[in-house]
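Work through these exercises with the model open beside you. Try each task before reading its solution.

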Amino acid sequence: MNSIQTLATFFGWCTVIHLAIIITVFLFTNFFHDFFGRVIAKIFGVSEQVARETLLRVLMQYRVVFVIFSLVPYIALKLMA
């Protein structure tokens, strides 16, 4: 039973860390979207519009991966314990 508690703790901290990353990046991209658009466009050699769209797409995919690989296992382990 101890290993389930340990895994639940691990996934709980993973959830907290990933959620903090998502909120931080979301806030930075909302308040500094022009800056991020220019920087990403220069780095990858694309237009600013494509850079912003790609950044938003990556953030949406990251949220889906966060839910599937961090939040759902945490909830499942808490329900088992």
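**Exercise 1. Which residues of α1 are buried, and what do they pack against?**

Solution. This is a predicted model.
- Step 1: list the buried positions. They are Ile4, Ala8, Phe11, Gly12, Cys14, Thr15, Ile22 and Thr29.
- Step 2: look for a pattern. An α-helix has 3.6 residues a turn, so residues three or four places apart point the same way.
- Step 3: find the partners. The buried residues of α1 pack against α2 and α3.

**Exercise 2. Check the span of each helix against 1.5 Å a residue.**

Solution. The expected span is 1.5 Å times one less than the number of residues.
- Step 1: α1 has 30 residues, and 44 Å is expected. From first C-alpha to last, α1 reaches 44 Å.
- Step 2: α2 has 12 residues, so it should span 16 Å. Its end C-alpha atoms are 16 Å apart, which agrees.
- Step 3: α3 covers residues 48–80, 33 residues in total, so 48 Å should be spanned. The end C-alpha atoms of α3 lie 47 Å apart, in agreement.
- Step 4: now look along α3 for a bend. A kink of about 35° is centred on valine 67.

**Exercise 3. How are α2 and α3 arranged, and which residues meet?**

Solution. 
- Step 1: take the axes. They come within 8 Å and cross at roughly 105°.
- Step 2: classify the angle. The range 65 to 115 degrees counts as roughly perpendicular, so α2 and α3 are roughly perpendicular to each other.
- Step 3: list the contact. From α2 come His33, Asp34, Phe36, Gly37, Arg38, Ile40 and Ala41. From α3 come Glu48, Ala51, Arg52 and Leu55.
- Step 4: sort the residues of this contact. They divide into 5 nonpolar, 2 polar and 4 charged.
- Step 5: step just past α2. There glycine 45 takes a positive phi of about 70°.

**Exercise 4. Is leucine 77 buried or exposed, and what does leucine 77 contact?**

Solution. 
- Step 1: Leucine 77 is in helix α3.
- Step 2: apply the cut-off. Buried means under 20% relative accessible area. Leucine 77 has 11% relative accessibility, so it counts as buried.
- Step 3: compare with the rest of α3. Ala51, Leu59, Phe66 and Ser70 are also among its buried residues. The cover over the buried residues of α3 includes α1 and α2.
- Step 4: set aside neighbours within four places in sequence. Leucine 77 is then in contact with Ile4, Leu7, Ala8 and Phe11.
- Step 5: Leucine 77 and leucine 7 are 70 residues apart in sequence, yet 7.5 Å apart in space, C-alpha to C-alpha.

Notes:
Residues are numbered from 1 along each chain as its sequence is written. This is a predicted model: local features need pLDDT of at least 70, side-chain atom pairs count only at pLDDT 80 or more; totals for chains, interfaces and linings use all residues. Side-chain values use heavy atoms; hydrogens and water are left out. Helices (H or I, at least four residues) and strands (E, at least two) are DSSP runs, numbered from the N terminus. The bend at a residue is the angle between axes fitted to the seven residues ending there and the seven starting there. Buried means under 20% relative accessible area, exposed over 50%, partly exposed in between (1.4 Å probe, protein chains only). Contact means heavy atoms within 4.5 Å. Axes are lines fitted to C-alpha atoms, for helices over the stretch in contact, and angles run from 0 to 180 degrees between N-to-C directions. Angles under 35 degrees count as roughly parallel, over 145 as roughly antiparallel, 65 to 115 as roughly perpendicular and the rest as oblique. Ala, Val, Leu, Ile, Met, Phe, Trp, Tyr, Cys and Pro count as nonpolar, Asp, Glu, Lys and Arg as charged, and the others, Gly among them, as polar.
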